[in-house]
Structures are given as structure tokens and as C-alpha cells.
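Subject: Handover of a structure for your review

Dear colleague,

Please find below the structure that I am handing over to you. My notes on it follow.

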Amino acid sequence: MKIAVLGGDGFCGWPTSLHLSNLGHEIHIIDNLSRRWIDTELGVQSLTPMDSIQERCRIWKETSGEQIHFHLIDLAKEYYRLRDWLSENRPDAVIHFAEQRAAPYSMISDRHKIYTVDNNINATHNLLVAMVETGLDAHLVHLGTMGVYGYSTVGAPIPEGYLDVSIDTPGGSKGMEILYPTRPGSVYHMTKSLDQILFQFYAQNDGVRVTDLHQGIVWGTNTDQTKRHPQLVNRFDYDGDYGTVLNRFLAQAAIDYPLTVHGTGGQTRAFIHIQDTVRCIELALKDAPAKGERVKIFNQMTETHRVRDLAELVAKMTGARIAYLPNPRKEAPENELIVKNDNFLGLGLDPITLQEGLLEEVVEIAKKFAHRVDRKRVPCVSAWTRDLASRVERDPEGKRLKSVS
Ligand SMILES: NC(=O)c1ccc[n+]([C@@H]2O[C@H](COP(=O)([O-])OP(=O)(O)OC[C@H]3O[C@@H](n4cnc5c(N)ncnc54)[C@H](O)[C@@H]3O)[C@@H](O)[C@H]2O)c1
């Protein structure tokens, strides 16, 4: 297949591009490299040294013999270039990773809120309009997040996208299928919730074929292909804005920094290893909806864990100390999370779960590049409200270590 990977320079997009190229697909990465600019804005860098996207593609060609093409296009701002590219190249599938994806970054200030909404909503909407305008019947696979559901539960598992409800009408009770209600907990999650409505509209109005993958928190860094050459290494975010919880704990342990648990660490989250991310996308591509079919929604996660349990696991494995800090997020201090993931299991996914070997591999990588860490960038200081901002712990290594009891 000819596949456009939008956001293919990112943490999930790069290993996905390699994985699909390795399977023989013709890969075209479209990216505006905004994440590299955000690194500069925040004064951080990936823990692993990433080469330019052009250099990465050159090394992949040398290593595998396969060509990955790169196109510099801003989906949110360059609608006509995107439309013309799709019209000329007519990919069979489009994988859409190209959004601002950090909840803390989306809450830093009014500017970051506005940027996240402008970027994410325009990117998704421009893509859908361009597909309709060019008559492109490609399968659109989008990366959404489990976080749209807000981590509250009534005790029943979160289904894969849809909920059957019965509504009282004057003529009696009637059944209806609705999108499972979202309850976004940040501006970033709000944009992902809005994306769902855009997909629903264009699938129903124009027959766009969409699969929306509600992904859990991705952990790990290497995949079978990124391991093939040091310069194919994947991005690794350790900082308080972009680093995701388990990778952050592993990096913190590697540099002898306290594991930064927010509140009691009672938050339960869904997880997936990066190797399973790329495999899930391969499986989703093989299971495209038919024209006119409703949006397919899959929960792309393999297991759930409580944050404090993860911290305890990493502390036991590495001897790291845990710091319980005031939570900068507005969220339930404790939650249960039960999630259905039957769709991917039905398609043949054999989940990778938290194995010590894989956890240790991440610690080893983090130790190797520990000299690249700026310790001041480790704590999460982006607060969800002004009130919470006054309580943020900016220096968990300091003597003033606060404890939440
Ligand atoms: N990483 C996770 O744990 C995780 C979890 C759940 C869902 N997701 C979703 O997966 C997708 C990819 O996440 P990631 O971790 O790879 O993020 P990332 O920030 O590493 O990569 C995103 C890529 O998209 C590009 N991009 C952003 N806006 C763009 C635009 N307007 N035009 C062109 N390119 C643009 C960036 O330059 C970057 O290379 C995101 O949509 C995210 O919401 C990620």
C-alpha cells in the first residue's frame, strides 16, 4: 500500500513508519516538525539523540534498502498544499498522528490552549475536507486517546466507542446507539473529543472511511526496527510536559531523581508498549471500514495500572526513592479503570505486558544518555488552574520535599 504517515517524525509516527516500510509498504511522512520547535521553546531535548528526519530516512535506506519519503507540510495551516499532495499522490491509507499531544503543554497558558485547539482541530478538519474534495477513498486511521473518557467509571468496562442507550419517548422506550460520552480532563483531551465529532460527521455525510484508535499511554522506546541502527533511535521525552508517566519514572530512576508521583498516585491509567502501538496500526490497516460504515473505534491499550503501583514497581527494581507531590492536574485522586480491548485481541494482537526485561531496557537507554538530561526540566510545573499553580512543587529534589498524606 501507499501510506501517508502524518506526524511521522514523532514518538509513535517514526517507529510506525519504519514498521510499515519494513513490511513493504510505500511510506510518505508528512510533518511540519513542530515538535522539534516545541523542544526548542521548552529548552529540552529528547533523551535519545535524534537526527534530522532527512538523515533518519537516509539511514533507513542504507539499513533496509527501503525508501521513506519526507514532505514538510503544516496540516493546520497549509490546507491547499495538503489537498494538492493528496490529489497527486493518492495514498491508499492515511495515518494521522499529527497533533499537539501533551496535556500539560496544552495547559501552560492561554497561548498554549489556543495553539493546541487551532493546531489539532484544523489539522484534523483540513485533512477530512481535503479527502472529500479530492475524492480520495483512503482509509483514515487516527490516533485518539483513552483520556477522552476522563478516567471516571460507573463500574462497567469502557466499550469500544459506542454505547447502547434506551430513551423514554411518549411512545415508550426506544433504543439508540451513541458515541460513548467524553469527559475530557485537559484542553488536549478536549481536542481529541472534538475530533470524534468531526469523524462522525464526515463518515456519515461523505462516506469517509475512518478508524479512530483510542490509545493508552505509550511506554518503551525501541521497536524491532529502531534497534537496527543507532541513528534510527526513537524519541524519548522525559520532561514534565511531554514525558509520559512510566517512561518518566524509568528515566528518573536512571538519573537518581525521585519518582514524581502526583497526589496519592491513585490514578489508574491504560498502557501500551510502543512495539504494540506499531503492530496495532498494522492490524487496523487490514480491517478498514467499508464506505458508509460508521467510524470504527478501537481501544488501543493492553493493560491498566495504578500510578503508585508503577512507581513502587520501578522503585523495587532500581532502588529509586518515591516523592509524593501536590498534583498540578485537576483530576480524581483515585479512580478505577476497566477497558474493553476485544477488537485488537480479535484481530490477533498478542499483548506485550510490563516485563522486567523491557523495563530494564528503558532504564539502560536512559542511563546511556543521562548526560543529556536537564534536571530542572523533570518536574511537572504546568498547573490546570491558578489555584493549583500556587501549590506546584518545582524542586522535588530540594530539602523542602512536600509529602501528601
Ligand atoms: N505518546 C503517547 O503516549 C500517546 C498516547 C495516546 C495517544 N497518542 C496520540 O498519538 C499521536 C502521536 O503521538 P506522539 O507521542 O507520537 O507525539 P509527538 O509529539 O512525538 O509526534 C507528533 C508529530 O506530529 C507533528 N505535527 C503536529 N502538528 C502538526 C501539524 N499541524 N502539521 C504537521 N505535523 C504536525 C509533530 O511535529 C510531531 O512530529 C498523537 O495524536 C497523540 O495524541 C499518543
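**Findings**

Just after helix 8, D256 adopts a positive phi of about 60 degrees. Helices (DSSP runs of H or I, at least four residues) and strands (DSSP runs of E, at least two) are numbered from the N terminus. The model is a predicted one, in which local features need pLDDT of at least 70, side-chain atom pairs count only at pLDDT 80 or more, and totals for chains, interfaces and linings use all residues. Residue numbers start from 1 along each chain as its sequence is written.

**Positive phi values**

D256 is not a glycine, and its place is in the loop between helix 8 and strand 10. Most residues other than glycine have a negative phi. A residue counts as buried if 20 or more other C-beta atoms lie within 10 Å of its own, as exposed if 12 or fewer do, and as partly exposed in between, with C-beta atoms placed from the backbone. D256 is therefore partly exposed, because it has 14 C-beta neighbours inside 10 Å.

L33 also has a positive phi, near 60 degrees, and is likewise a residue other than glycine. L33 lies in the loop between strand 2 and helix 2. With 14 other C-beta atoms within 10 Å, L33 is partly exposed.

Is helix 8 mostly covered or mostly open? Ten of its ten residues are buried, so the helix is mostly covered. The buried residues include R248 and Q252 as well as F249 and L250. Among the elements that cover them are strand 9, strand 10 (259–262), strand 11 (268–273), helix 10 (307–318) and helix 12 (356–368).

A nonpolar core is a set of buried Ala, Val, Leu, Ile, Met, Phe, Trp, Tyr and Cys residues joined through C-beta atoms within 7 Å. The largest such core has 91 residues, of which L6, I95, F249 and L250 touch the most other members. Helix 8 (residues 245–254) gives the most to this core, with seven residues. A second, separate core of eight residues includes A103, M107, V187 and Y188. In soluble globular proteins, nonpolar side chains tend to be buried together.

Two residues are in contact if their C-beta atoms, placed from the backbone, lie within 7 Å. Leaving aside neighbours within four places in sequence, I95 is in contact with I3, V5, L6, T16, V141 and I281.

**Strands**

Strand 2 (residues 26–31) is mostly covered, with five of its six residues buried. Strands pair if DSSP finds at least two bridges between them. Strand 1 (residues 2–6) and strand 2 run parallel and are joined by five bridges; V5 has I29 as its bridge partner in strand 2.

Strand 8 (residues 209–215) is also mostly covered, and seven of its seven residues are buried. In a regular strand the side chains alternate between the two faces of the sheet. In strand 8, R209, T211, L213 and Q215 point one way, while V210, D212 and H214 point the other way. Seven bridges join strand 8 to strand 5 in a parallel arrangement, with R209 as the bridge partner of H139. Strand 8 also pairs in the parallel sense with strand 12 (residues 296–300), over five bridges, and there D212 is partnered by I297.

**D212 and G346**

D212 is buried, with 27 other C-beta atoms within 10 Å. Not counting residues up to four places away in sequence, D212 touches H142, G144, Q196, F199, V295 and I297. By contrast, G346, in helix 11 (residues 342–346), is exposed, with 11 other C-beta atoms within 10 Å.

**Ligand shell and annotation**

Which residues of the shell are closest to the ligand? They are G7, G10, C12, R101 and L143, among 28 residues that surround the ligand, where a residue is near a molecule if its C-beta atom, placed from the backbone, lies within 6 Å of it. Helix 2 (34–42), helix 6 (110–133), strand 5 (139–145) and strand 9 (217–219) each supply at least two residues of this shell. By class, the shell has eleven nonpolar, ten polar and seven charged residues. Here Ala, Val, Leu, Ile, Met, Phe, Trp, Tyr, Cys and Pro count as nonpolar, Asp, Glu, Lys and Arg as charged, and the others, Gly among them, as polar.

The unreviewed UniProt entry carries the annotation "domain: NAD-dependent epimerase/dehydratase" over residues 3–294; UniProt positions follow the numbering used here, feature names are shortened, and annotations may be inferred rather than shown by experiment. Over residues 3–294 the chain is 38% helix and 21% strand, and the end C-alpha atoms are 22 Å apart.

With kind regards
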